[in-house]
Amino acid sequence: MKAENRKGCLQRDSVEHEEYAGAQSIDTRESRERDGAIELLERILNRNNLNKAFKQVKSNHGAPGIDGMSVEAALPWLQENKDELLQSIRDGRYKPNPVRRKEIPKPDGSGVRKLGIPTVVDRVIQQAIAQQLQPLFEPLFSDGSYGYRPKRSAQQAIRKVKEYAQKGYGYAVEIDLSKYFDTLNHELLMNLLRKQIHDKRVTDLIKKYLKSGVMENGIHCKTEEGSPQGGPLS
């Protein structure tokens, strides 16, 4: 690409970026766009990605987090505070809220499943992160994996089992790891994520979500292990 054409592209990108993320110098963007590749945090905070994230959170009709803010109330708040919010994420100052603990009975009656309900604002940020991580990790997953993946379902898994049965296989084995989400080792997880995510600002933000804690009966409990079930990033 000719130098003058590349400079023009950078200038256009900068103008678009200012609409939702505040002004940023051309020099700074050049350092972040070597070889034409925008770093991951910039893609996460892209206006279109954030709008898509909000629409997804809204469509899920989730309950409020510890701040009591509904999805409907979150939209005007985000519109008014977006510049400060996004800048705090870029600067590494953003501190996620603790999740709200909610327990739901397991279908088999074996106990309860502990959910962690993030605030709506944190759900939007988490969803924005998840949307950009998905293309990085989807190609790495097993072809036989059907849980919590785009365009895959339990029905497809059942059809696959039937297909194996028709080929002559006689057994299907169901395995459940007890309290897996509750005992997830943070450092092991972060080491795996760092192999694919090379933007330290993003891994630092994910780690903050892991460490944000749980609010239960008015008491803030630290989370040294585990990942809360109930957030888009889980």
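I started with a pair of helices and saw that H6 passes H9 in a left-handed crossing; left-handed means that the near helix is turned anticlockwise from the far one by less than a right angle. This is a predicted model, where local features need pLDDT of at least 70, side-chain atom pairs count only at pLDDT 80 or more, and totals for chains, interfaces and linings use all residues. Residues are numbered from 1 along each chain as its sequence is written, and side-chain values use heavy atoms, without hydrogens and water.

Next I looked up the axes of H6 (residues 120-137) and H9 (residues 200-210): they come within 12 Å and cross at roughly 135 degrees. H6 and H9 are therefore oblique to each other (under 35 degrees is roughly parallel, over 145 roughly antiparallel, 65 to 115 roughly perpendicular, the rest oblique).

I then checked the whole protein chain, which has nine helices and four strands (DSSP runs, helices H or I of at least four residues, strands E of at least two). Of its 234 residues, 32% are buried (buried is under 20% relative accessible area, exposed over 50%, partly exposed in between, with a 1.4 Å probe and protein chains only).

Two leucines in loops came next. I found Leu45 between helix H3 (40-44) and helix H4 (47-60). Leu45 is buried, with a relative accessible area of 2%. Its C-alpha atom is separated by 9.0 Å from that of Arg90, 45 residues apart along the chain.

I found Leu177 in the loop between helix H7 (154-166) and helix H8 (186-196). Leu177 counts as exposed because its relative accessibility is 55%.

Terms used. Axes fitted to C-alpha atoms, helices over the stretch in contact; angles between N-to-C directions.
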